[in-house]
Amino acid sequence: MASSDEEGEIVPDFVTNYHFVNSHNTLISFSLLPLHWSDHDVENGDLQVAFLHGNIDGGLQSVYKEVIGWKLELSYAQPHVCVLSKGKTWINLHKPRKSYECHVKSVLIVADCLHFVRRNPQAVQKEILSHLMKSWSSGEFREPLEKCLATHLPLIRIAVARDKDLAKSEYLKAFLMEVENPVTREALCEDNQTLKKSKFIVPDGEEEEDDDVDVDDEIDDDSDELFDSVCAFCDNGGDVLLCEGKCMRSFHPTVDAGLDTCCESLGFENAAQYEAVPTYLCDNCKHQKHQCFVCGSLGSSDKSSSAEVFPCVSATCGHFYHPECVANLLYPSEADGALASQLKSQIAEGKSFTCPIHKCHRCQGGENKDDHELQFAVCRRCPKAYHRKCLPKTISFEGSADGTIQQRAWDDLLPKRILMYCRKHPIIPSIGTPKRDHILFPSLVRKRNQEGRITEMMSERRSNALGSFRVVETERKPKVVERQFKTVTYGDTTLEKRKSSTTYKTTTSFENNKPIRTNSERPSNILRIKLPNKDMHREQRLPSKSVKKMEVDVDSPPKLDAEMKTKILKLMEDATASFDPEEFIKEKKMKCTHKIYVPQHGLDKTITMGKVEASVKAVKAALKKLDDGGSVEDAKAVCEPNVLHQLVRWKKKLSVFLAPFLVGTRYTSFGRHFTKVDKLKEIVDRLHWYVEDGDTIVDFCCGSNDFSCFMKEKLDSTGKKCKYKNYDLITPKNTFNFEKRDWFSVPVDALPDGSRLVMGLNPPFGVKASLANKFIDHALKFKPKLIILIVPQETKRLDYKRSPYDLIWEEHDMLSGKSFYLPGSVDKQDQPLDDWNIKPPPLSLWSRADWTEKHIEVAQKHGHIEQRQTVPHQEAERVVSNELIEENLDCFNDLPMLDEVLKEPDATQRNCENMYMTTSHTFSDMASMDLSSPVNSSSNNSRSEPVRLNPLCIQPGPHPSYDPLQYANTSDPYGPGVGFGYPYPQSGHYANYGYPAC
Amino acid sequence: MEPSTEYVAFEEKVKKTIYIDNLSPQVTKAVLENAMNQFGNVKDVQFVPTYFGSCGVCAALVEMESAKQGEEIICEMGDSPLMISGMPRPVRARKAQGEMFEDRPKKHQRTIVCRWMDPSHQHFELAKKIKDLTKKHVAEAQYIMELQLEEEEKLHKQQSETLKTNYKKYELIDGVQADGNVKRLKAEYGMTLNDH
């Protein structure tokens, strides 16, 4: 809102929403105007003058100008198209008016294409197309590229003639050649049409294939999921919201989510509403009042005061009981009355117990989830469970067509369990479940007492059979309700879970509503669930123009405060509405192609506090049981073995999620670390002997792009002429033969034949070298004759690949010591931060089998390997040159006991640096950001110091020279949507980040 | 009127400069320089006050070697959020504008004179309008800023809460693993120890 202090003609820098007309007011393309290639170099156009209409100033003002020429500026990051106004100023064109787009699309595509090939002279058609596909959505990009180019042939001719970078483009050369020869041109176009189609689809397909493969590598496999994720109201899966509390239940948050089963749901209006709750607690857990699973009445579960109901200690149970109820169930016979009363008092004193769900009702045996027959069928309404083999026939998996037998049991809804309703609970055909009045929520009710003061009191709210929403009557009287449930693949997609494929739409509006209420004491106090008015929030979603400047019309004096406020609020609302968080996240997701280390959903929302607490408690209880002489089976009923696996997995996930916090100080700019220049030179000194004239050197992850430069320097000095190609996701300072591109998206035909290829060097490592493996795998697709690598030891060796490569030599000690640095970070003395690996990654040279002989010869000649030495497949003897490292290794070796402990923080820390943070890492759950918190994952080998949550208190690290302040100078990747303030979403559980675990 | 040559030179400089905000107060010139040097050559760094932002946030003008480099950085930072000094959030980069420079030269060699204006003056109404408008803009900007800070505060609270609970979970699990309970139970169950 700075006002400029001068006046004069408004000269817009750029216009948006523009269109051009000629003097007859018909739409024309600006490309008909004279093309200015440089100030003195003007091509004649078909048209001498045109009129520009458009918006400037973020759409606040419109402009109308006479224009007399145009130019194409290709030297910037984006192609710029400018038009020359009659006043001799250049106006940048941004976005055309939608309806005008068709007139200029082809020329804009050509501009984009020229811009791309100018930067990538070696690009082939496929690459160009895939680039264009990125900026032009497929819908907009229908015509074959060649046709576009052909329509702007003069432009291309001029461009190629004037711009020496463009002249280098092989693609354009080929294209112009084809054009000169019109006979083949038609064929070319046609050919490309088909080509284009298939090619556009192929990369996607390939990627998907890749991803499928990656799934196997994924660190967390949730195959033995322990907790159910079906809605507690309607017992169906789908989008559920998990309670963080002790009940470990899930609920359909919105009516929409539970539409299939007419679930009454928690009554949230939309996803945004419940996502805004960082930790959801159901009403029972919030007020610490839980229902007894036997008698159904509410009781306080607050251990600090007088608890009435107590949770079952089993890790996965989550049910509460009155001591009396459960004791009577466990000792049902009269004879055991004494035992029952003893147990009752024990439980009331807080002794742990396991409820009857964990023993088969018929045979009293325990559960074994891995044995199909010994899996449990658990009733969702009362504490009763059967083995699959003991399940009474009357509890049927299939309903009969005439409705006499109802389906009472469902496979695949619970993980390795059967969901069932026992015979006690009559099934209501229209909803396929028993009455849904089983849940009793305590709620706060504000009530005016006689004195008119508001008092708060607890009331209870029962779940309803059908909720209180209007039911759509589409089909009357279904005899059999088909409930088809799919297995909920739990944890993989927290929110994108499919809706159950139920075809169940019908429900009659139902007289059952009344009897259901019988339990609630004071009907007047019943809180009606607020019904989402779907139309209401739809309306808000109406797209509106994104509002960048929040300026309001200017005429009124400043005193109109309230009006101004509402106006501003309205504008902000519009701006928010026009921002689609899902779209935003999707876009970011698309940019990070390495799904392997980008779990789709960030932190698993399924790891709830209640579950963690219960599991931890169960572990202790199980041990106690064993100590008290209990059998292993009893212990397993408390804490099944999978819980232990689960704990490990959870910890892994949590530590991945918390990594920037746990190892915050070591967390650097984009998580990159580069090899130091002097080391690179050493490598180059060795490598150049193997390179031949005409080879292409490819650095698939070039970082600062120094390697290729040194190679070129060296090779030029030895008279070898080579080509270079460097890829990375982040543009370095030195753009020598650089292409900003994800290595995995580089198609095989983008580079020359494998026998001309030398590839390297230092890929990001990733969790357990997973990324390094991916990089190598992609590199192998090119079949390069030589691969030089700096990768950690645990990387899959190239001699074990499908087409094995031979190891020429491997250097263990070359990269020991401070061989790496963290780009963009400085220490206290403003020197770049050094970095080293406790276990230095070896430098290795691999050769394609048919070239091995030749390369070994070279290696022997230059003393890289000894004469007559066979190719060392075994690890070479380790030479430790660096004192520090020696020390550290010693400490590893001497203390094998500690090894387990030590490895972990260390590995985390290492991986962090080596991690490549691509784009969408939403550490949104990470607070605004406590990264500089004094978390000293020490640079030596000691275990991480206790972590403090308070970012302001700085605690010196165990290593004297590495206090956090120094590390505070690191720049860190951060999620989009984090702390960007206002218009961004809080995409908590979308958090995507490629962060390593231990 | 042609702009002064000094101004033309200044405009060139503006083109090469990017404006970076959401910087941590801990960021020094050297830190910023280094962070930006990854992408291009920094010629000059100049910290500027943030008039609207909260006190904990700084901003700077970074002059790069060329306009192209500046654009690349803006593009890069849009793609992948960059944290400088960890706090408090990823920095934002945008093109600098002339008005951001306090020491900008005058575009035209003119002098601005302040004087009282007589209400009877023919331009009085106009001047008053302009004055009111400026005031209004300030009020509006302030209000928006307030709203935004409120929003940020909310987000911050929410995020720190999530962090805290998650950390608590982590500690719980870590605790039970550290005191050997998990190992013992695994041994009892005869499971293979595979902690990592």
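1. Strand 5 (residues 61-73) of chain A and strand 6 (residues 80-85) of chain A pair in the antiparallel sense through six bridges. These strands are DSSP runs of E with at least two residues, numbered from the N terminus, as helices are runs of H or I with at least four; two strands pair if DSSP finds at least two bridges between them. The two form a hairpin, with six residues between strand 5 and strand 6 of chain A. One bridge to look at sets A:Val67 against A:Ser85 in strand 6 of chain A.

2. A word on the basis of these notes: this is a predicted model, where local features need pLDDT of at least 70 and side-chain atom pairs count only at pLDDT 80 or more, while totals for chains, interfaces and linings use all residues. Residues are numbered from 1 along each chain as its sequence is written, chains are lettered from A in the order in which they are written, and side-chain values use heavy atoms, leaving out hydrogens and water.

3. Strand 5 of chain A also has strand 4 (residues 50-56) of chain A as an antiparallel partner, joined by seven bridges. Here A:Gly54 stands opposite A:Val63 of strand 5 of chain A.

4. Further along chain A, you will find an open sheet of four strands in the order 15-14-17-16, with mixed pairing. Its edge strands are strand 15 (385-387) and strand 16 (409-414) of chain A, each pairing on one side only. From one strand to the next, the twist averages 35 degrees. Strand 14 (residues 376-379) of chain A is antiparallel to strand 15 of chain A, with three bridges, and A:Phe376 has A:His387 as its bridge partner in strand 15 of chain A.

5. Between the chains, do take a look at helix 16 (residues 609-627) of chain A and helix 4 (residues 124-178) of chain B, whose axes come within 10 Å and cross at roughly 10 degrees. Helix 16 of chain A and helix 4 of chain B are therefore roughly parallel (angles under 35 degrees). A:Met609, A:Val612 and A:Glu613 are among the residues of helix 16 of chain A that meet helix 4 of chain B, where the partners include B:Leu172 and B:Ile173; contact means heavy atoms within 4.5 Å.

6. Chain B has five helices and four strands, running α-β-α-β-β-α-β-α-α from the N terminus on. Of the 196 residues in chain B, 47% are buried (under 20% relative accessible area, with a 1.4 Å probe and protein chains only).

Definitions and conventions: Axes are lines fitted to C-alpha atoms, for helices over the stretch in contact, and angles run from 0 to 180 degrees between N-to-C directions. Angles under 35 degrees count as roughly parallel, over 145 as roughly antiparallel, 65 to 115 as roughly perpendicular and the rest as oblique. Buried means under 20% relative accessible area, exposed over 50%, partly exposed in between (1.4 Å probe, protein chains only).
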